[in-house]
Amino acid sequence: MERSVNADPFQRSDSSGGFLGLCNNFGYVVMLSAAHDILRKQESGNSTLTASATLAVDFQVRNNSNASRYDCNPVSTAAVLLADILPSLSVKLAAPFVIHAVPYGFRVMICVVMTATSFLLVAFSSAVWMSILGVIFASFSSGLGELSFLALSTFFSRDVLGGWGSGTGGAGVAGALLYSALTQAGLSPRITLLTMLVVPFSMILSYFCLLVFPTRLSHWKPSMNDCLVSCSEERERLIEGADEGREEEQEKPGNCTLCNLHCGLLKSLLKFMFPLGLVYFAEYFINQGLMELLYFPNFFLSHAEQYRWYQTLYQLGVLVSRSSLCCVKIRKLWLLALLQILNAVLLLFAVGYQFLPSAWLVFVIILYEGLLGGAAYVNTFFFISKEAKDRQREFSMSTASVGDSFGIALAALVAFPVHRYFCSL
């Protein structure tokens, strides 16, 4: 019987997976939590004549000249979301076909450098383009890290997915809560971001020192994608047994990729990617298109503080549901997508007609939104890892992550006109 490429007798579950998930998603979450502050800072900085104005003041200043009932930023927080997802989406689209040539150790080091750079750029930014560039670095790091660690999880037991899900959910809560708590305690956003530089360096410690690496993998040697290896081996067998004319046909460029595509792998992933994309479209339309507009002026929290705590509660819901895989598994991913879309419609009408009486009710809805999103993510990748064949699992896990990124990118594009419409009222 043929031995599976991914069948390792020493497969094991390792708690380091959760810590790697936390470190990988931390910068991404912080950038989204700081989106309102990033734009407020630049808006305030552009309107003042004195260059000595402090960041603490800049980040907290309200736009008193804004006549809109929604107290809008001139630029939607969707601008930050777009910068936070497009680089990640680009990486996820291209990388699964070529990333196997880059050893996992190098990928981790690239992620660490990019994340640290993003914190520094945003902390010391003096213009919008500089802040957005920092967000782009965080996005690239998050996308590369996600597809790499999901692919790496195939060399361990499926319990690692539960740890990864809890870690990424924990990154959401830790990032959003820590940023909200420190800024509300009086620290400037610059100091807050600089203190978070410890996170990317913790990833180095977790990956190289704490993770028990499979013996047949190397930190510094490429790990060929199993599906592509299988295709390459098939081509070699055909070449060896074929005549010269057939040999030339088999050696045409792209045959290996066509073999990979024709095996129906990508098509089989659509049943997972579509509902995951819909869930993420709806929730990020809420997060970056509607949250900023769900403003209650008579509430005890300021507009910026309300926005931060919306993000924090959303991430808390994500953490709870991504950690629930050991207790409950949800196969009906389309149901989660439908519920999340209904959530988005409800809050869209709430923004337009302002019928919600208090921010407390919005807090509950946002928490529920996070529960749906986290459940969709962790169950999608669990069932992919369960149903994919051994040779195809590494490729499938990294490729399917494109689904949520597509949904987020589309949400950012839709959020722009929605934000502009409501802010014009």
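1. Ala174 counts as partly exposed because its relative accessibility is 27%; buried means under 20% relative accessible area, exposed over 50%, and partly exposed in between (1.4 Å probe, protein chains only). The model is predicted: local features need pLDDT of at least 70, side-chain atom pairs count only at pLDDT 80 or more, and totals for chains, interfaces and linings use all residues. Residues are numbered from 1 along each chain as its sequence is written, and side-chain values use heavy atoms, with hydrogens and water left out.

2. Helix α7 (residues 159-184) holds Ala174; helices (H or I, at least four residues) are DSSP runs, numbered from the N terminus. Not counting residues up to four places away in sequence, Ala174 touches Phe26 and Tyr179, where contact means heavy atoms within 4.5 Å. Gln315 is 141 residues from Ala174 in sequence, yet their C-alpha atoms are 8.5 Å apart in space.

3. Ser118 is buried, with a relative accessible area of 0%. Helix α5 (residues 104-123) contains Ser118. Beyond its neighbours within four places in sequence, Ser118 contacts Met31, Gly134, Phe137 and Ala138.

4. The largest nonpolar core has 106 residues. Such a core is a set of buried Ala, Val, Leu, Ile, Met, Phe, Trp, Tyr and Cys residues joined through side-chain atoms within 4.5 Å. Leu152, Tyr207, Tyr310 and Phe381 touch the most other members. Helix α16 (residues 359-387) supplies the largest share of this core, 14 residues.

5. Tyr310 is in contact with Met291, Leu294, Phe296, Ala359, Val362, Phe363 and Ile366, leaving aside its neighbours within four places in sequence.

How values were computed. Helix = DSSP H or I, 4+ residues; strand = E, 2+ residues; numbered from the N terminus.
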